[in-house]
Amino acid sequence: MLSFKQRSNALSALSVLTLTLILAACGGQDSKTAANSAIPSAAPTAPAAAPPAQAAPVSADTMVFSGRRQDYTITKVTNSGISGFIVSDTRAGGTTVTLASNITTVQFSDFHVNLGVGDKANSISATSLNSLIDLYVAFFNRVPDADGLAYWIDQMKAGLSDDQIADSFYLVALQSPALTGYASGMSNDDFIRIIYKNVLGRSGSTAPTALEIDYWSSQLTAGITKGHIVRAMLIAARAYVNDPTWSWVPALLNNKLNVANYFAVQQGLNYNSLDDNISKTMAIAAAVTISSTTAALDLIGVKDNNLNLASTLATPESLANICTVDGKKSWVRSHLDDVYLWYRDIIDVSPAQYGTAEDYFTALLVRSKDRFSFTSEQGSIDSYFQSGEDVSYGYSLVREGSKIRVRYVQPGSPADQAQIKRGTTLVSVDNAALGSYINDAQYNALYPSKSESHSFQVQDGSSTSRNVTMTAVTVTTTPVLQNQVLNVNGKKIGYMVFTDHIRTAESPLVSSIRKFQQSGIDDLVLDLRYNGGGYLYIANELSAMIGGSKVTNKIFEQLQFNDKHADMTADNVSYFYDTDSNNRFLPTLNLPRVFVITGSNTCSASESIINGLTPFMKVILIGDTTCGKPYGFIQTNNCNTAYFAIQFAGVNALAKGDYTNGFTPACYVPDDLNHELGNVSEYRLSAALTYATTGACPTIVAGVTGGVAAPPPAQFSPIVDKDPRPWRNIKLLK
């Protein structure tokens with residue numbers, strides 16, 4: 001039941017507002033705007049080849065343009081000595097006009113744009129702004145127009161409380177019962193039913209129960225105002241964001257909120273007639289669904305991605321590829337303000353304090369929420385994710401206490417040719433001992449960025465040390481290191497080691513699953529302990545092959561962008577694929593469960609596999625807690641630098657995605673560098689095989705307590721050095 005505990009304090013008396021003014025503001029137009037909307041453009045119609053740029057201003061603060069809003073772009077400029085707006089006619093022969101500073105409204109044949117609504121929106125908190133927008137949905141089931149929203153922002157800043165504003169909305173709703181469904185003589189129960197329908201989208205088969213209606217109706221009987229009740233129900237509804245039954249309710253509310261924000265705040269839109277301003281904004285709200293805002297945005301019909309009136313910065317597009325130091329810094333700040341998931345939480349710092357754009361980018365990140373965003377040289381990123389190429393020796397290292405040990409080696413790499421194996425200890429580099437601390441010279445020798453040679457003293461197992469020299473080369477990653485079928489107590493168990501979600505992983509993953517399918521395996525052990533992520537579409541394909549018929553036509557992941565990009569949230573509902581990138585049908589396993597070997601490096605796209613499959617099959621984790629990254633990036637390049645700012649969060653089919661503390665394994669088992677991957681005695685694989693055959697975690701793994709709800713012993717907790725490849729821990733959209 002959606003319920004909410006009411007506050008006991010009495011409500012303040014409603015401020016005296018004239019009904020005319022309330023109606024005008026809720027309708028979206030004050031008297032000046034209403035008058036202006038009746039004035040047609042004075043510009044004569046011209047041939048399409050040379051459309052007129054503008055007519056004379058209809059008033060001192062309004063400029064009229066002859067075409068539709070979609071025929072123009074509006075650019076907000078706050079740098080280069082200019083502060084204001086530029087309007088460009090995109091039709092053939094169109095011209096560009098820089099608006100005078102006194103122009104606050106731009107009128108087109110279908111819309112007029114309130115240029116100041118963004119600044120007004122920024123003058124109150126995001127919570128207060130969203131509360132106002134919610135009231136439009138609750139009482140009128142429509143998105144606000146910019147002029148009406150601006151009016152109520154002013155009322156809020158003048159001292160009206162949230163409850164007083166909500167009560168004002170109710171009074172206005174009573175004036176149009178045919179549109180709103182509210183009537184002064186309606187019973188409390190009928191009022192609550194209307195709120196469930198308008199606010200929560202619950203009618204028909206999801207209509208509220210008698211118990212739910214009685215709960216809220218009793219609050220009205222006790223003297224709580226109708227405005228306060230509506231606000232309380234809105235707050236209560238959003239508390240169900242992760243509820244398996246009711247998560248669709250806040251999803252619907254948030255989608256309407258995102259569309260409203262785009263319409264009224266980012267684009268500053270108002271229809272030019274009062275009737276359109278009500279009927280069409282109601283139609284827009286009605287077109288929003290639980291999973292999509294596309295139809296609503298199509299009804300708006302304005303897709304000027306360069307405009308965000310709430311932004312205090314120039315658009316990234318207008319600042320791109322100005323490759324001076326200051327130019328790159330300006331782009332960085334604008335880029336983060338546009339796409340960063342936590343753009344509202346950025347604390348501004350002076351760019352002059354930082355020598356490079358990359359350092360400035362890092363300084364602006366919201367570190368209380370973000371430990372993942374980064375920059376890198378564009379070329380190395382592109383080579384790796386497209387072809388798996390990277391300059392290296394071909395090993396993966398981990399610090400274990402005071403030792404630096406090898407986790408795995410790429411086949412055919414310099415490390416492989418030097419007969420370095422999993423578990424090998426690097427004792428020294430260039431005759432300098434490697435201890436609990438490595439200096440920059442040692443670090444650069446261990447992780448070279450170009451082809452160069454270095455000498456190493458290595459120790460294989462417990463044997464004596466030996467000396468090797470390795471030359472870093474371009475190594476092509478083998479993303480699927482192993483795929484084998486193990487026979488354990490009469491069961492066929494597929495085992496696959498998967499390390500990188502890169503483009504070249506698609507073919508070996510398909511081949512591995514087809515091999516398991518043809519072998520008729522009983523269980524699958526997917527080893528993701530060293531897989532930091534990569535392309536999300538690869539994770540989707542692998543998950544679909546594992547889930548088979550259970551996930552057909554089901555949601556794999558829903559991406560949620562910031563409120564400036566409601567269209568991207570609407571367009572990024574990813575269903576489980578049934579074909580690969582070349583439209584060839586994927587093989588499937590249709591197993592009831594999957595074992596996933598995890599570690600602290602299991603991250604991002606790898607965690608999406610776990611999260612995406614969990615609603616549809618049993619996912620049993622063996623190893624250690626994952627890294628906790630439900631976020632992802634879209635690589636954005638500027639001046640040969642690749643920027644990776646967190647742009648979206650991902651949730652599964654149950655709207656669950658809050659795993660910032662990582663996924664906890666069913667069996668805690670330490671990593672075991674003393675056995676090769678795929679050896680049935682290796683701790684984590686051994687534990688997975690035991691669980692697969694006995695249905696429980698092992699109590700002892702090679703003398704180490706396992707399978708208990710506690711972290712592994714401290715000696716198995718790696719001390720992390722600088723990450724030479726931060727871009728491996730990534731969830732990336734193509």
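Modeller: Two strands pair if DSSP finds at least two bridges between them; helices (H or I, at least four residues) and strands (E, at least two) are DSSP runs, numbered from the N terminus. This is a predicted model, in which local features need pLDDT of at least 70, side-chain atom pairs count only at pLDDT 80 or more, and totals for chains, interfaces and linings use all residues. Residues are numbered from 1 along each chain as its sequence is written, and side-chain values use heavy atoms, with hydrogens and water left out.

Biologist: Which residues of helix α8 are buried?

Modeller: Buried means under 20% relative accessible area, exposed over 50%, and partly exposed in between (1.4 Å probe, protein chains only). The buried residues of α8 pack against α4 (126-140), α6 (162-173), α7 (177-180), α9 (210-221), α10 (226-238) and α11 (248-266). Within α8 (residues 188-198), the buried residues are Phe-191, Ile-192, Ile-194, Ile-195, Tyr-196 and Asn-198.

Biologist: Is the crossing of α8 and α10 left-handed or right-handed?

Modeller: These helices pack with axes 11 Å apart, at an angle of about 40°, and α8 is therefore oblique to α10. Under 35 degrees counts as roughly parallel, over 145 as roughly antiparallel, 65 to 115 as roughly perpendicular and the rest as oblique. A crossing is left-handed if the near helix is turned anticlockwise from the far one by less than a right angle, and right-handed if clockwise. The crossing of α8 and α10 is right-handed.

Biologist: How many residues of each class does the contact of α8 with α10 have?

Modeller: Contact means heavy atoms within 4.5 Å; α8 contributes Asn-188, Phe-191, Ile-192, Ile-195 and Tyr-196, and α10 contributes Lys-226, Ile-229, Val-230 and Met-233. Ala, Val, Leu, Ile, Met, Phe, Trp, Tyr, Cys and Pro count as nonpolar, Asp, Glu, Lys and Arg as charged, and the others, Gly among them, as polar. The residues by class are seven nonpolar, one polar and one charged.

Biologist: How is α4 oriented relative to α11, and why?

Modeller: The axes of α4 and α11 come within 10 Å and cross at roughly 105°. Because of that angle, the orientation of α4 to α11 is roughly perpendicular.

Biologist: Which residues does Asn-308 touch?

Modeller: Asn-308 is in the loop between α13 (294-300) and α14 (316-319). This residue is buried, at a relative accessible area of 10%. Not counting residues up to four places away in sequence, Asn-308 touches Lys-76, Gln-266 and Lys-564.

Biologist: Which residue in β19 is the bridge partner of Gly-494?

Modeller: A sheet of six strands, open and with mixed pairing, has the order β17-β18-β19-β23-β24-β29. Strands β18 (residues 491-498) and β19 (residues 523-527) pair in the parallel sense over five bridges. In β19, Gly-494 has as its bridge partner Leu-524.

Definitions and conventions: Axes fitted to C-alpha atoms, helices over the stretch in contact; angles between N-to-C directions.
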